[in-house]
Amino acid sequence: MEAPEGAAGLRCHRPVVEMLDLPFLPSCVFLGGLGLLCIAFVGTWCQHWRGGFSLDGSARTFNWHPVLMVTGMVVLYGAAALIYRLPPARRGPKLPWKVVHSALALAAFVLAVLGLAAVFRFHNAHGTPNMYSLHSWLGLVTVLLFSCQWVAGFSTFLLPWAPTWLRAFYKPIHVFFGATVLMLSVASCVSGINEKLFFSLKNGTAEYKLLPAEAVFANTLGLLILLFGVLVLGALARPSWKRPDADSSDSHQPLLTAER
């Protein structure tokens, strides 16, 4: 008796799914290395081509802006999003990982605020208008949304006054906006790199359209950031890497009522 067409299709499809189901740890190491590479690239760009760093209000003060934004809003934020995918986080109690997730996100937010302070100080010192470009609008919206996301998540999942039904209701919303903030962060960084290159390589001896070494390097940085963001979102969407007991009572346990 021949197998039904649907069963044959399942047999053909299953090996493909298993082949694409990559092991977590090598993927995690690759993502970690890619994140560090993004930080190294943006630091090298600002140090080698943009003159380094200072706090005197000059262009070297501005250079803190891309470094802090990439480090905080992309790499640290991506690490915070993936913390629940680690094998110890998937097996043991979830509460300690909630704290780590919240701390990483808070560190990302602090770096983002410092990055905004650097660019505002540079603009004010040189009489440059603030908040006039699409990059600035997108970046500020991203940071504001991230701050709301962090406060709502901390209040709902780590403080005792939110009832269990509210935590269960808000969880998918929190996950959705977490992915949205990461996507917006990547878009903000890529648009900021492009904007900086247009300003910096506009009237020099090697214009941006001629692709000098700095343009090639910074364009590569943008692609690395985009790749990191896409792979983080892919890792978050992979079912086999998700915590199997995500809906257990421990998932909804607030911090201040935890057992000592």
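**Note on a predicted all-helix model**

1. Cys46 is buried, at a relative accessible area of 1%, where buried stands for under 20% relative accessible area, exposed for over 50% and partly exposed for values in between, with a 1.4 Å probe and protein chains only. Cys38 likewise counts as buried, with a relative accessibility of 0%. The structure holds zero disulfides, a disulfide being a pair of cysteine sulfur atoms within 2.5 Å. Cys38 takes part in no disulfide, and the nearest cysteine sulfur, that of Cys189, lies 9.1 Å away.

2. Residues are numbered from 1 along each chain as its sequence is written, and side-chain values use heavy atoms, with hydrogens and water left out.

3. The secondary structure comprises nine helices and zero strands; helices (H or I, at least four residues) and strands (E, at least two) are DSSP runs numbered from the N terminus. Along the sequence the pattern reads α-α-α-α-α-α-α-α-α. Of the 260 residues of the protein, 43% count as buried. Among contacts with a separation of 6 or more, 74% join residues 24 or more positions apart, a contact being heavy atoms within 4.5 Å.

4. The protein exposes about 14,200 Å², of which carbon and sulfur atoms supply 72%; accessible areas come from the Shrake-Rupley method with a 1.4 Å probe, and for residues only the protein chains shown count as cover. A nonpolar patch on the surface is formed by Trp165, Phe169, Ile173, Phe176 and Phe177, with about 570 Å² of accessible area together. Patches are made of residues with over 30% relative accessible area and no salt bridge, with like charges joined within 9 Å and nonpolar side chains (Val, Leu, Ile, Met, Phe, Trp, Tyr) within 5 Å. A salt bridge is here a side-chain nitrogen of Lys or Arg within 4 Å of a carboxyl oxygen of Asp or Glu.

5. A search of the whole structure finds 10 aromatic pairs. Rings of Phe, Tyr and Trp (its six-membered ring) pair if their centres lie within 6.5 Å, and planes under 30 degrees apart count as stacked, over 60 as edge-to-face and the rest as tilted. The ring centres of Phe62 and Phe122 are 5.5 Å apart and the planes stand at 55°, so this pair is tilted. The pair links distant parts of the chain, 60 residues apart, with Phe62 in helix α3 (residues 59-62) and Phe122 in helix α6 (residues 95-126). Phe62 is buried at 12% relative accessibility, and Phe122 is buried with a relative accessible area of 14%.

6. For Trp150 and Phe154, the ring centres are 5.1 Å apart and the planes are at 10°, so the pair is stacked. Both residues lie in helix α7 (residues 134-157), four residues apart, or about one turn of the helix. Phe154 counts as partly exposed, at 26% relative accessibility. Elsewhere, Phe41, Trp49 and Phe217 form one aromatic cluster.

7. Two backbone values deserve a check. Met131 is not a glycine, yet has a positive phi of about 55°; Met131 is placed in the loop between α6 and α7 and is partly exposed at 29% relative accessibility. Leu211 also has a positive phi, near 55°, in a residue other than glycine. Leu211 is located in the loop between α8 and α9 (213-237) and is partly exposed, with a relative accessible area of 47%.

8. His123 lies in helix α6 and is buried, at a relative accessible area of 14%. Not counting residues up to four places away in sequence, His123 touches Thr128, Pro129 and Asn130.

9. Gln47 is situated in helix α2 (residues 24-49) and is partly exposed, with a relative accessible area of 47%. With residues up to four places away in sequence not counted, Gln47 touches Gly52 and Phe53. The C-alpha atoms of Gln47 and Asn63 are separated by 8.2 Å, the two residues being 16 residues apart along the chain.

Notes: Predicted model: local features only at pLDDT ≥ 70, side-chain atom pairs only at ≥ 80, totals over all residues.
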